[in-house]
Amino acid sequence: MSKATVLHDDSKTTLGFWIYLMTDCVVFATLFATFAVLRNNTFGGPDGKEIFSLPYVLTETLILLVSSFTCGLALLAAKRSDARQTMLWFVATFVLGAIFLGMEINEFRNLVIEGYGWRRSAFLSSFFTLVGTHGAHITAGLLWITVMLRQIQTKGLSTHVMRRLTLLGMFWHFLDIVWIFIFTIVFLFGAMPS
Amino acid sequence: MSTTHDEHKATRSTYVIGFTLSVLLTLIAYVLVSQALLYGWALMLTLAGLAVWQLCVQLFYFLHIGSEQKPRFNTLALLFAVMVVVIVVFGTLWIMKNLDYHDMTPQETNTYIQEEEAIRR
């Protein structure tokens with residue numbers, strides 16, 4: 001391809017999607033800012049140190065990280081036009097993502113049962129909003145993986161399917177990056193000895 | 001582009017390197033907190049540094065930022081987003097901290113100043 005400034009159609013699509021991801025960054029930035037402001041406003045309720053279990057969150061983090069890795073391997077397989085391997089790695093990504101989501105929902109459920117739901121304090125409201133928004137993105141990603149698995153089955157690794165897989169990969173890696181900051185700012189900062 | 005035309009740059013080894021580095025950085029951050037190896041601001045800054053480091057690792061090895069052909073629209077969009085994020089987050093913290101400060105009772109102001117200046121009561 002020439003080095004001209006004319007962008008190929010496909011690269012326009014990835015650039016457009018990339019810009020969407022950047023705006024999503026801004027959405028998360030506002031939620032992070034809200035959380036950072038409200039994290040000490042516990043209104044007599046528990047603070048992060050009392051309710052977060054670090055080993056549990058570390059497990060979630062590592063599972064999501066592995067899923068980001070398997071997603072990358074799926075894309076590499078797709079580039080080799082190996083549909084079987086692509087589907088295998090995407091299934092692995094889906095399973096890991098589903099385990100992550102299940103662990104998160106379980107954590108939310110336990111908090112609510114103990115009476116530490118989003119109504120308890122401003123800290124918990126902002127916590128549920130930030131982490132819940134990430135969870136909603138993961139849910140969308142899981143749906144997307146399901147749709148793509150079906151498309152690989154029916155259409156094979158056509159140009160269109162390849163383009164969608166590339167975007168899916170960007171989305172999934174992006175969600176892992178957002179989680180690094182949730183892990184650090186919400187959970188590690190929250191558990192810091194003070 | 002980030003992932004379509006420079007795909008030859010994404011190989012199994014770049015993913016393995018990115019993954020290994022990410023796991024290491026996560027574990028270091030975790031051990032620093034769980035073993036209480038650092039305290040206060042030093043710990044906070046170290047953790048923030050590790051997170052930003054991992055951000056760069058994943059951007060480079062997973063999303064292949066910076067290896068696209070010129071013009072680097074992806075990198076430009078990223079830099080703009082970083083600027084907006086920094087303004088939103090630090091601007092919010094600054095304004096809210098300032099608001100908090102001016103909303104204190106005289107007693108609270110006293111306590112705050114004593115704590116900030118490390119004056120023993």
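**Two chains in a predicted model**

Trainee: Is A:Ser81 buried or exposed?

Mentor: A:Ser81 has a relative accessible area of 57% in this predicted model. A residue over 50% falls in the exposed class. A:Ser81 therefore counts as exposed.

Trainee: Where in chain A is A:Ser81 found?

Mentor: The backbone of A:Ser81 has a positive phi of about 60 degrees, although the residue is not a glycine. Most residues other than glycine have a negative phi. As for its place, A:Ser81 is in the loop between α3 and α4 of chain A.

Trainee: Which loop holds A:Phe43?

Mentor: A:Phe43 is not a glycine, yet it has a positive phi of about 50 degrees. At 70% relative accessibility, A:Phe43 counts as exposed. Its place in chain A is the loop between α1 and α2 (48-51).

Trainee: What part of the residues in chain A is buried?

Mentor: The C-alpha atoms of chain A fill a box of roughly 60 × 35 × 25 Å, taken along the principal axes. Among contacts in chain A with a separation of 6 or more, 80% join residues 24 or more positions apart. Of the 194 residues in chain A, the buried part is 52%.

Trainee: How much area is buried between chain A and chain B?

Mentor: The contact takes 48 residues from chain A and 51 residues from chain B. Carbon and sulfur atoms give 82% of the area buried between chain A and chain B. That area is about 4,400 Å².

Trainee: How many residue pairs are in polar contact between chain A and chain B?

Mentor: Across the interface of chain A and chain B, zero salt bridges are found. Polar contacts, with both residues at pLDDT 80 or more, come to a count of two residue pairs.

Trainee: Which elements give two or more residues to the side of chain A that touches chain B?

Mentor: The residues on this side of chain A divide into 32 nonpolar, 11 polar and five charged. The elements that give two or more residues to the side touching chain B are, in chain A, α1 (9-38), α3 (54-79) and α6 (159-190).

Trainee: Which element gives the largest share of the largest nonpolar core?

Mentor: This core has 83 residues, and those touching the most other members include A:Trp18, A:Phe90 and A:Phe187. Elements of both chains give two or more residues to the core, among them α5 (122-155) of chain A and α2 (40-61) of chain B. The largest share, 19 residues, comes from α6(A).

Trainee: Which residues are in contact with A:Phe187, leaving aside its neighbours within four places in sequence?

Mentor: A:Phe187 is one of the core residues that touch the most other members, as are A:Phe127, A:Trp179 and A:Ile182. Leaving aside neighbours within four places in sequence, the residues in contact with A:Phe187 are A:Phe52, A:Leu54, A:Val57, A:Glu107, A:Phe127, A:Trp179 and A:Ile182.

Trainee: Which residue has the backbone oxygen that the side chain of B:Thr14 reaches?

Mentor: B:Thr14 is found in helix α1 of chain B. At 16% relative accessibility it falls under the 20% cut-off, so B:Thr14 counts as buried. Its side chain reaches, at 2.8 Å, the backbone oxygen of B:Thr11.

Definitions and conventions
Residues numbered from 1 in each chain as written. Chains lettered and ligands numbered in written order. Heavy atoms only, no water. Contact = heavy atoms within 4.5 Å. Buried area = accessible area lost by both parts, 1.4 Å probe. Salt bridge = Lys/Arg side-chain N within 4 Å of Asp/Glu carboxyl O. Polar contact = N/O pair within 3.5 Å; in protein donor to acceptor, adjacent residues only side chain to side chain. Helix = DSSP H or I, 4+ residues; strand = E, 2+ residues; numbered from the N terminus. Nonpolar A, V, L, I, M, F, W, Y, C, P; charged D, E, K, R; others polar. Core = buried A, V, L, I, M, F, W, Y, C linked by side-chain atoms within 4.5 Å. Buried < 20%, exposed > 50% of the residue type's maximum accessible area, 1.4 Å probe, protein only.
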